[in-house]
Amino acid sequence: GGGNSGIEAAIDLAGLVEHVTVLEFADTLRADQVLIDKANTTPNIEIIKMAQTTRVVGDGNRVTGLEYKDRYTDELKQIELAGIFVQIGLMPNSEWLKGSKVELSPRGEIEINAHG
């Protein structure tokens with residue numbers, strides 16, 4: 001996402017991983033300009049606007065890619081990747097998991113182990 005949370009997360013992740021791709025549904029980023037400038041000058045961050053995520057691709061053991069629709073051209077495109085970090089706002093959309101076997105933190109975040 002292209003809001004403050006998403007761009008801040010991309011900047012943080014860029015210090016830990018080889019490459020970060022930000023997909024933004026809209027044609028502009030909503031983050032503060034200082035964050036946009038930082039992301040644009042970080043060499044391993046790529047920002048793709050007008051991108052509608054359509055499918056997460058995996059091999060049965062792990063995530064291997066992501067498919068998105070280019071909203072300018074309606075063309076479906078794929079990105080090969082090693083992992084996905086979803087950053088959409090500050091409130092987790094996990095209400096539907098309450099009462100399931102999925103462990104949630106007191107803030108409603110999905111609990112994970114060192115392997116994700």
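Modeller: A nonpolar core here is a set of buried Ala, Val, Leu, Ile, Met, Phe, Trp, Tyr and Cys residues joined through side-chain atoms within 4.5 Å. Buried means under 20% relative accessible area, exposed means over 50%, and partly exposed is in between, with a 1.4 Å probe and protein chains only.

Two notes on the basis. This is a predicted model, so local features need pLDDT of at least 70 and side-chain atom pairs count only at pLDDT 80 or more, while totals for chains, interfaces and linings use all residues. Residues are numbered from 1 along each chain as its sequence is written, and side-chain values use heavy atoms, with hydrogens and water left out.

The protein chain has two helices and five strands. From the N terminus on, their order is α-β-α-β-β-β-β. Helices (H or I, at least four residues) and strands (E, at least two) are DSSP runs, numbered from the N terminus. The C-alpha trace spans about 40 × 30 × 25 Å along its principal axes. Of the 116 residues, 30% count as buried. The accessible surface is about 8400 Å², and carbon and sulfur atoms hold 51% of that. These areas come from the Shrake-Rupley method with a 1.4 Å probe; for residues, only the protein chains shown count as cover.

Now the core itself. It has 12 residues: Ile7, Ala10, Ile11, Ala14, Val20, Val22, Leu29, Ala31, Leu35, Ile36, Ala39 and Ile45. The most comes from α1, which supplies four. In soluble globular proteins, nonpolar side chains tend to be buried together.

Look at Ile36. Leaving out residues up to four places away in sequence, Ile36 touches Ile7, Leu29 and Ala31. Contact means heavy atoms within 4.5 Å. There is also a second, separate core of six residues, and Leu23, Ala51, Leu66 and Tyr68 are among them.

The buried residues of α1 are Ser5, Gly6, Ile7, Ala9, Ala10, Ile11 and Ala14. They pack against β1, α2 and β2 (45-49).

Next, the helix pair. The axes of α1 (residues 4-14) and α2 (residues 33-40) come within 10 Å and cross at roughly 35 degrees. Axes are lines fitted to C-alpha atoms, for helices over the stretch in contact, and angles run from 0 to 180 degrees between N-to-C directions. The crossing of α1 past α2 is left-handed. That term applies if the near helix is turned anticlockwise from the far one by less than a right angle; clockwise is right-handed. On the α1 side, Asn4, Ile7, Glu8 and Ile11 take part, and they meet Leu35, Ile36, Lys38 and Ala39 of α2. By class, this contact has five nonpolar, one polar and two charged residues. Ala, Val, Leu, Ile, Met, Phe, Trp, Tyr, Cys and Pro count as nonpolar, Asp, Glu, Lys and Arg as charged, and the others, Gly among them, as polar.

Met50 sits in the loop between β2 and β3 (51-58). Met50 is not a glycine, yet its phi is positive, about 55 degrees. Most residues other than glycine have a negative phi. Met50 counts as buried because its relative accessible area is 13%. One partner of Met50 is Asp70, which also touches Glu75 and Lys77, not counting residues up to four places away in sequence. Asp70 lies in strand β4 (residues 63-70). Asp70 is buried too, with a relative accessible area of 11%.

Asp74 is in the loop between β4 and β5 (76-80). Its phi is also positive, near 65 degrees, in a residue other than glycine. Asp74 is exposed, at 53% relative accessibility.

Last, the tail. Trp96 lies in the segment after β5. At 65% relative accessibility, Trp96 counts as exposed. Its C-alpha atom is separated by 30 Å from that of Glu80, 16 residues apart along the chain. Ile110 is found in the segment after β5 as well. Its contacts, leaving aside neighbours within four places in sequence, are Leu97, Val102, Glu103 and Leu104. The C-alpha atoms of Ile110 and Asn93, 17 residues apart along the chain, are separated by 9.9 Å.
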